Amino acid sequence: MRKVVRFRDCDWVLLGLALAIAAIGIVEIYSTTAQTALAGQVRRQVYWVLLGLLLSMAVSRIDYHLVLEQIPWLYGVTILGLGALLVLGQPIAGTKRWVAIGGLTFQASEMAKLVIILMVAAYFAERQGKFVTWKDFVKLGILVGLPVVLVALEPDLGTALTFFPIVAAGFFLAGLRARHLAVLALLGALMLPVGWHFLKPYQRERLISYVHPSKDTQGSSYQATQAKIAIGSGGFWGKGIRSGTQSRLGFVPVSHADFIFAAFAEEQGFVGTLLVLLLYLALLLRLLDGAQTAGDRAGAFLLAGFAAVLFFQVAVNIGMMVGFFPVTGIPLPLMSQGGSSALFTFLGLGLAMSVNMRRFVN
Amino acid sequence: MEFRFPEDERFPAWKIAFLQYVIAATFLALLIGYWRLQIGQHRQYLDQAERNRIRNLPVIAPRGRILDREGRVLADNFPAFSVLLMRESPAALTPARVEGMARGLQLDPADLQRLVERTTKLPRFQPVVLKQSATMADIAFVESHRVEYPELDLLQVQQRSYPKCAIVAAVLGYIGEVSEEMIAKPGSPYRPGDVVGRSGIERTYNSVLAGRDGMQRVIVNSRGQEMGSMTAINALPGNDLRLTLDLDLQMAAEAALGEQPGAVVALDPTTGEVLAMVSHPSFDPNDFARRIDQETWQNLNSDPQKPLMNKAIQAHLAPGSVFKIVTGTAALETGTIKPNYTVNCPGVITIYGHTYHDWVYSKGKGHGSVDFHRAIVVSCDVYFYTLGKLLGIEKIAYFAKRLGLGSRTGIDLPSEDPGLIPSPEWVRRAFKRQWWAGETISVAIGQGAVAVTPLQLAYAIGGIACGGVFRRPHLAFRDQLLALGVNPQEETTREFPLRDDTVDALSRGMWGVVNEGGTGAGAHDPSLDIAGKTGTAQVVSAELQDSARKAEYKDNAWFVGYAPSTKPEIVVSALVMQGNHSTVAVPIARDVIKAYFGKKASRKPPPDQLQTQVRVMSQVLGALPGEPGRAPQQR
């Protein structure tokens, strides 16, 4: 089953789409941070993307089955690591999200995301049968629930939520029965008040202001309002590079990171929005095409899980700017400034290419 | 560990396709969301973005300075800070936040809340002034709360200052925030928080003194810090205004009046220029330049001595014996008597069945036989009672009015009192009754309902001394007003020609008051040629005065003096309220006149080139003997 792959088999389209989006992101980071205290961020992002590119090429050479085989201990290390972070970690800005390695900081949860994708792919690849059973729900519920709780405790609810689409896509592809959906929907409805109880006050506020955006324009919906103003004021053609007043004057919060798309839409207008949405759409459809043509179920689940995370993050991040979703701290893959997110995305792309390059069954 | 991967179990193709459709549909929804914002509501969001970053800051135009006739500064400005309220997002001004601001700025929360409510109708880009002359603590509060209260900002302004404090206060008036009635007037250029002249010169010439505020558009970031500036509308500073006042005379009048309540007015009767105008007790207009605090304002308003009242133009008081000049003018001009008309004064006279006392009667004597000249010099009441009976009220009232009493002089100050000259027509209108013949007798000596202001008396006596030429009193130079494009009042001179022998008899009489041991002998100064007339005006009847002995029942003391007696250059009206006897008013007018001629004598030549200086010096030296040192004419 191990196949020999050649460099020209690399998925250049996938890589090209990802690099195009990353390049747009870098230009926007430059545009929104130039001549500010954050001006150094663009150079760091270039390094991260280049590093990510090299890593993805390297990973694509590795047979993904080899990686899947490492899952049991990778998963164990991840859980231990997340637990240790909660116990031993030094809080940064009130959260224990960051791991410092040699002067660089990483979000441990981004790496955990990759491990979950692999773990879910390995799990479903191994099991037989046309439909999932309640046993699968319990087993995966525990396996995924553990890291979800650990990440949610950091607290980083946004990232914890990104684990769910991975599992959901897995179940969907593995075969769901109608009764599964019905029971899950009921359980979910029952859990809502309990979940509310566990939310931190600022998280509740975000939800309230999502439901009633006009309630208070200075508080938590301020960010959402300012992002909307930025996007709307961009118009059709945009205000031009480095000319977004909302982002450059600080009205849009973290306009180089989580809110980068608001800054981009302000400066590049609807034309830019359309272009980037098309690029993301092409990227996601191509990933799913790969899932269809993958050489085996493991590869298919891996691609589907990765696509599900990316889709979730892109949709929630771009959607929350226009009020489709409550404001959550989810970065926009490939565009938001940040090393952890870039590394996760490029490693994921590397794995995806690894699957694609080995799709031809001899 | 080895995984088994069953090759044969592929997903049904529809599952992947379904996921792809879900993704495509979601992206379409996102695109529609962005279309709505970026195309549908673009205008509205662009406006909001512009309002976010652009702040319209008023640039306050400095008010023009007010100068005395020699250019000395009476009202000036100094840089200060005002706390501004930006109103770009009025919804954010919740009561709790307004209260927080009020506490930080040490303002009354209820006051501030009212101000905020009052301004809701204004355009949003217009900021309003919350607090003038911010203290260091206020500035620190605004700077350190940029994030909590981004609505607050500081504005550099020019704050009014009055270096002479209370001395010129009555004339200059004060400034203050524009009242709601003024804003409500149709076509009003004012906005809440604007500062305008509320009284005095500041009010009359507000349009001259007030500049036009400019507007600066600055770019601010989300923390309210200024990041740059855009187009600006420059502020137009107000014009300086030079007054006819002479600060030296003003100081002399101030010193002469001392602590006594009353007023002093000095006019140049040949031009109508007001040289000095003092009213006591006074106030410090600097208190008003900042927003005046409630306590000071209440104290000023509840003070029975009415410090905010300019008594020089607003005191409505009986002139007493000064009015005898009016009665005398009427008697001579109508030919009712000749100056040699003589009356025997036993100290008391009975007219129309009523007994009238002379002011010397309490000393148990009369003035004996007095002619017109003597009657003025000793201020014989019996003589003028007699003239009153001979003239009748109609003639007295006619002359009083033509001589400038009973109506506003038209000075360029707000709220001038017109005074009152009673007449049968007036009692019919005001009291629906007939004129009592006995009232005429009181009016003849300036009692009864006769009421004048210190300015009116200076105006009337000055005009009579000038032969019946009355120059409208004014504080601003007509030429300057014309140059500034302000239309000064048309009528500046009113003539009511008096016969030379009438003027001669009156002025010789008034010269005698001062220089022949008359009632104004206290003003006698061999170096000065002062003439004048005293007055001691009863506030209540003599009986009540004796029984009550209250301070407010004390007589008001008057003296109106002018010099030189033949060709007056200055006329001074002095009023000491509750002064008890005219003798207290006499030296006040004398001191002012003395200061006037003292200054004239010592006037230095302009520091020009040596040659002209020498030439001017020789002229001055040559002119000296004929100038103020000349001997008073003997009569």
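What share of the contacts in chain A with a separation of 6 or more is accounted for by residues 24 or more positions apart? In this predicted model, such residues account for 73% of those contacts.

## Chain A as a whole

Chain A contains 14 helices and two strands. Of its 362 residues, 50% count as buried.

One feature of its backbone deserves a separate mention, namely the peptide bond that leads from Glu154(A) to Pro155(A), which is cis and has an omega near -5°. Pro155(A) belongs to the loop that links helix H6 (134-152) with helix H7 (157-174) of chain A.

## Where the two chains meet

The contact between the chains draws on 46 residues from chain A and 40 residues from chain B. On the side of chain A that touches chain B, at least two residues each come from helix H3 (64-69), helix H5 (108-126), H7, helix H10 (221-234), helix H11 (245-248), helix H12 (260-293) and helix H13 (297-321) of chain A. Of these, H12(A) gives the most, with twelve residues.

When the residues on this side of chain A are sorted by class, 27 are nonpolar, 14 are polar and five are charged.

## An enclosed helix in chain B

Helix H16 of chain B covers residues 381-391, and nine of its eleven residues are buried, so the helix is largely enclosed by the rest of the structure. The buried residues are Asp381(B), Val382(B), Tyr383(B), Phe384(B), Tyr385(B), Thr386(B), Leu387(B), Gly388(B) and Leu391(B). After H16(B) comes Gly392(B), which has a positive phi near 85°.

## A three-stranded sheet in chain B

Chain B also holds an open sheet of three strands, in which the order is E1-E8-E9 and the pairing is antiparallel. Strand E1 (54-59) and strand E9 (226-233) of chain B are the edge strands, each of them pairing on one side only. From one strand to the next, the twist averages 30°.

In general, the strands of a sheet pair through backbone hydrogen bonds, and they may do so in a parallel or an antiparallel way. Between strand E8 (residues 214-220) of chain B and E9(B), which run antiparallel, there are five bridges. One pair of bridge partners consists of Val220(B) and Glu226(B), the latter lying in E9(B).

## Backbone details in the loops of chain B

A cis peptide bond is found in chain B between Ala563(B) and Pro564(B), where omega is about -15°. Pro564(B) sits in the loop that runs between strand E20 (556-563) and strand E21 (570-576) of chain B.

For Cys165(B), phi is near 50°, and the residue lies in the loop between strand E5 (152-161) and helix H6 (169-172) of chain B. Is Cys165(B) buried or partly exposed? Because 14 other C-beta atoms lie within 10 Å, Cys165(B) is partly exposed.

The other residue, Lys432(B), has a phi of about 55° and is located in the loop between helix H18 (424-431) and helix H19 (437-444) of chain B. Lys432(B) has 7 C-beta neighbours inside 10 Å, and therefore Lys432(B) counts as exposed, since the limit for an exposed residue is 12 or fewer.

Terms used
Residues are numbered from 1 along each chain as its sequence is written. Chains are lettered from A and ligands numbered from 1 in the order in which they are written. This is a predicted model: local features need pLDDT of at least 70, side-chain atom pairs count only at pLDDT 80 or more; totals for chains, interfaces and linings use all residues. Helices (H or I, at least four residues) and strands (E, at least two) are DSSP runs, numbered from the N terminus. A residue is buried if 20 or more other C-beta atoms lie within 10 Å of its own, exposed if 12 or fewer, and partly exposed in between; C-beta atoms are placed from the backbone. Two residues are in contact if their C-beta atoms, placed from the backbone, lie within 7 Å. Ala, Val, Leu, Ile, Met, Phe, Trp, Tyr, Cys and Pro count as nonpolar, Asp, Glu, Lys and Arg as charged, and the others, Gly among them, as polar. Two strands pair if DSSP finds at least two bridges between them. Axes are lines fitted to C-alpha atoms, for helices over the stretch in contact, and angles run from 0 to 180 degrees between N-to-C directions.
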